[in-house]
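Okay, thanks everyone, let me put this one up on the screen.

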Amino acid sequence: MRVLLVEDAPNLRESLVAALRRSGYAVDAAKDGAEVLTMASTVPYDVVVLDIVLPRIDGLEVLRRARESGLDAPVLLLTARSNVADRVIGLNLGAEDYLGKPFSLDELLARVQALGRRRHGQSKPVIELGSVSVDTAAKRVQCDGKAVELAPREYALIEYLAFRRGTVVSRSEIEAHIYDDLADPMSNVVDSAVCVLRKRLSDAGAPPLIQTRRGLGYCLEAPESCAPLADN
Amino acid sequence: MRSLSRQLTLGLVAACSLLILAGGGLMYAAIRSALYRQFDEGLRTKVLAVVTATETRRGRVTVDFSDRYLREFDRRVAEAFFQVWHGASVVSRSDSLQDSDLPGKFGSIERPVTWDMELPDNRAGRAIGVELRPRGGDDPVIAVVAATRGSLEAMLGRFALMIIGGGGGLLLVVALVIPRIVGPGLNPLRKVAEQASTIGARTLEQRFPVEGMPTEIVPICERLNALLARLESSFARERRFSADLAHEIMTPLAEMRVLTESALKWPETSGPEMHRQSLGSLLRMQELVTRLLDLSRAENDEVEVHPVDVDAGAILRDLWPAYADRAAARRLEVNWDLQPDTGFRCDEAFLRTILRNLLSNAVEHSPPGVLIRISVLRRGDRVQAEISNPAPGFTQEDAAQCFDRFWKKDRSRSGTHGGLGLSLARELAAAIGATLEARVDEAGVLTMTLDAPVEPPAVS
C-alpha cells in the first residue's frame with residue numbers, strides 16, 4: 001500500500017516515514033499543503049496521514065481542497081490539538097480517522113492498516129487464499145500454518161494482490177501502490193518482485209497463486225476466476 | 001433572595017395605600033366638618049325661633065313658644081330641646097326636656113357657643129347657647145337649644161362606609177394594576193438578565209442589544225458589551241496559548257515516542273542517528289520548558305535584577321558576530337547608528353537576552369537581501385535601542401499580538417523559533433523598567449523599540 005504522510009515537523013516526518021517503510025508501506029512525505037495537493041492529484045494513494053497544523057495552508061483546508069479535487073483515499077488526521085471542534089470539522093470534511101499527538105506507533109500503524117483494508121473493501125484482517133493466508137494485521141503470510149519468510153516489499157506485493165484478488169492488476173498499478181518515489185520507474189522491479197514472491201511461495205509449498213496475464217498484468221487466485229482488466 | 005419586581009411592587013402598593021388612606025381620611029374630615037356646620041346652622045335657626053318667641057312684659061320674661069310649630073320639641077317626638085333662663089331662674093323649657101335641664105353655656109347671638117353633649121335621654125346630641133335681650137326688656141336671657149345627632153352620625157357613618165369601601169376597592173385595583181405596570185417596565189432588565197445567564201466561556205461572542213433599550217439600561221449594556229469583548233479577546237488568547245502549548249510540547253513528544261518505539265520495534269535500525277534525532281526533540285522540549293519557566297518567573301516578578309552600567313550599542317556590537325554569518329548567507333546589510341552617551345544602568349543579562357532576541361528575529365525573518373537598521377540614541381533621561389527591518393505581510397494587528405506567548409506569523413511549528421522569545425523579552429524589559437514596542441510603517445518596515453530609563457526604577 002502506498003501512504004502519503006503530511007507532517008511539517010522534520011524529525012517526526014522522517015521517523016514516521018522510516019517506521020512506515022519498515023512496516024512495508026511505500027511512503028511519500030510532504031511538509032506542507034501545497035505539496036499535498038500536487039502529490040494527491042498524481043498518485044493513487046491508499047491512505048493519507050495528514051497533520052492538521054501545517055504552514056501556509058491549514059491541514060483542514062488541505063483536506064477540503066484535496067477532497068474537492070477528487071482525492072478518495074482514506075485520511076487519518078494527526079494533531080496536537082485536543083479540541084473536539086477540530087476533530088468534528090476534520091471528520092465532516094471527509095477524514096476517516098483521527099489520532100492525537102503523542103500517539104503510539106503501533107496504534108498509528110494499526111489505523112493505517114485498517115484504513116488501507118477499508119480502502120480495498122476488506123473488513124477481515126486475514127485473507128484466505130486456499131492453503132495460503134495473508135494476515136494484514138500481523139503482516140505475515142502462512143502456508144499450511146507455516147510462516148512464509150518475506151521481505152517487507154514482497155509482503156506488500158502479496159498483500160496488494162490479495163486485496164485485489166480475482167482481478168487483473170497492471171504493472172503500473174502495482175508500481176503506484178507498492179513503490180514510492182525511491183523506486184526507479186524505468187526498471188522492471190515489478191516483474192522481479194513477482195518472480196521472487198512466486199519462488200518464496202513455491203518454496204513454502206504453496207500452489208501457484210499468481211497468474212501472469214500477458215500484456216495486462218498479474219492476477220492472484222485461480223486463473224479462471226480472473227476478470228478482465230477494465231482500464232489498462 | 002431580593003426581587004426588584006417584588007420590591008418595587010410592594011413599595012408602590014404601600015405608597016398608594018398610604019395616599020388612599022390619607023385621602024379617605026381628609027375626605028371624611030371635610031364631610032364631617034360640612035355636616036356639622038349644617039347641623040349647627042339648624043340649631044341656630046331653632047335657637048333664633050326660641051329667641052323670637054321670648055319677650056319681656058312688665059319686667060317678666062315670657063316665652064310664647066308652641067311645639068305645635070316645631071314638633072321635634074314635643075315630648076313624644078323629643079328630637080330637640082330648649083331651655084331659657086332669666087338670671088338664675090328657668091323661664092321656660094321644652095316639653096321634650098320634661099324635668100331635665102340643659103347646660104347653661106352660651107355665647108353672643110353673633111358668636112353662639114356650640115358643643116356636643118349627652119341628651120337627658122342619654123342619646124348623643126349637640127347644643128347651642130346664646131345670650132340675648134328679649135323684646136321689651138334690657139335684662140339678658142339665656143337660651144340653649146339641643147338636638148339629637150342621631151341622623152348626623154348615621155349620615156357620617158354612611159359616608160365613612162362609602163369612603164372605606166371606595167378606598168378598599170381602589171387598593172384592590174392598585175394591587176392588581178401595579179404588578180402589571182412594574183412587570184413590563186422591568187422587561188428590558190429581565191431580558192438582559194436572561195441573556196447574561198446564557199453567556200459562558202464558549203459564547204463570549206454574544207453582545208447585549210442596545211437598540212430600543214431604556215436609557216437607564218443602555219450604559220449597563222454598553223459596559224457589559226465592552227467587558228464581553230475584553231473577555232472574548234482574553235479567552236481567545238488563552239485558548240490560543242493552550243493550543244500552541246499543546247502544539248509545541250506534543251510534537252517533540254510525538255517525535256521522541258515514535259523514535260523510541262521504532263527502536264524497540266526494529267532494534268537493528270537503532271543507531272546514533274536515531275539517538276541524535278531523539279536528543280534534538282528532547283532539547284527542543286527542554287528549551288521550551290526553560291523559556292516557559294523564565295517567562296513565568298518574569299511575569300510573576302520573581303526575577304532578581306542586578307543593575308550595572310551598560311551600553312546598549314556596545315552590547316549590540318558584541319552580540320552581532322553570532323548573527324553575522326547568517327545575515328551574510330541571507331545577503332542582509334546592516335546600518336549602524338550608535339550615538340555616544342547612551343550608557344545607562346540596568347541588568348546586563350536581561351538586556352543581552354532582549355537584544356539577542358531582537359537581532360535574531362531581524363536576521364531570521366527579514367526577506368533576503370534587505371537592509372537592517374540598528375540604532376541606539378539618547379532622548380532626555382531615556383535610551384532607545386531600535387532594530388528595524390522590512391517585514392512584508394507584517395500587519396498592525398501582528399504588531400499588537402507579536403508579544404503574545406507562542407505568537408508566530410505562521411502558526412504552524414515550522415522553524416526553530418518557539419514563539420516565546422518576544423514574550424520573554426517584553427517581560428524582561430518590564431523588569432528593568434523599560435518598554436518594548438513593535439510598530440510597522442506604511443512601507444512595511446517593522447521597528448522594535450526598547451525604551452529604557454537611564455536610571456533603573458527604585459525596587460519596591
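So, this is a predicted model. Let's start with where the two chains touch: chain A puts in 21 residues and chain B puts in 24 residues. Which element of chain A gives the largest share of its side? That's helix α1, residues 10-22, with 7 residues. If you sort chain A's side by class, you get 12 nonpolar, 4 polar and 5 charged residues.

Now have a look at Pro102(A). You'll find Pro102(A) in the loop between β5 (97-100) and α5 (105-119) of chain A. What does Pro102(A) contact, once we ignore its neighbours within four places in sequence? The partners are Met250(B), Leu253(B), Ala254(B) and Arg257(B).

Last stop, chain B. Take helix α7 (residues 321-329) and helix α8 (residues 348-365) of chain B: their axes come within 9 Å and cross at roughly 10°. Angles under 35 degrees count as roughly parallel, so that's what we call α7(B) and α8(B). On the α7(B) side the contact uses Tyr323(B), Arg326(B) and Ala327(B), and on the α8(B) side it's Leu359(B), Ser360(B) and Val363(B). By class, that contact comes to 4 nonpolar, 1 polar and 1 charged.

Note on methods: Residues are numbered from 1 along each chain as its sequence is written. Chains are lettered from A and ligands numbered from 1 in the order in which they are written. This is a predicted model: local features need pLDDT of at least 70, side-chain atom pairs count only at pLDDT 80 or more; totals for chains, interfaces and linings use all residues. Two residues are in contact if their C-beta atoms, placed from the backbone, lie within 7 Å. Helices (H or I, at least four residues) and strands (E, at least two) are DSSP runs, numbered from the N terminus. Ala, Val, Leu, Ile, Met, Phe, Trp, Tyr, Cys and Pro count as nonpolar, Asp, Glu, Lys and Arg as charged, and the others, Gly among them, as polar. Axes are lines fitted to C-alpha atoms, for helices over the stretch in contact, and angles run from 0 to 180 degrees between N-to-C directions. Angles under 35 degrees count as roughly parallel, over 145 as roughly antiparallel, 65 to 115 as roughly perpendicular and the rest as oblique.
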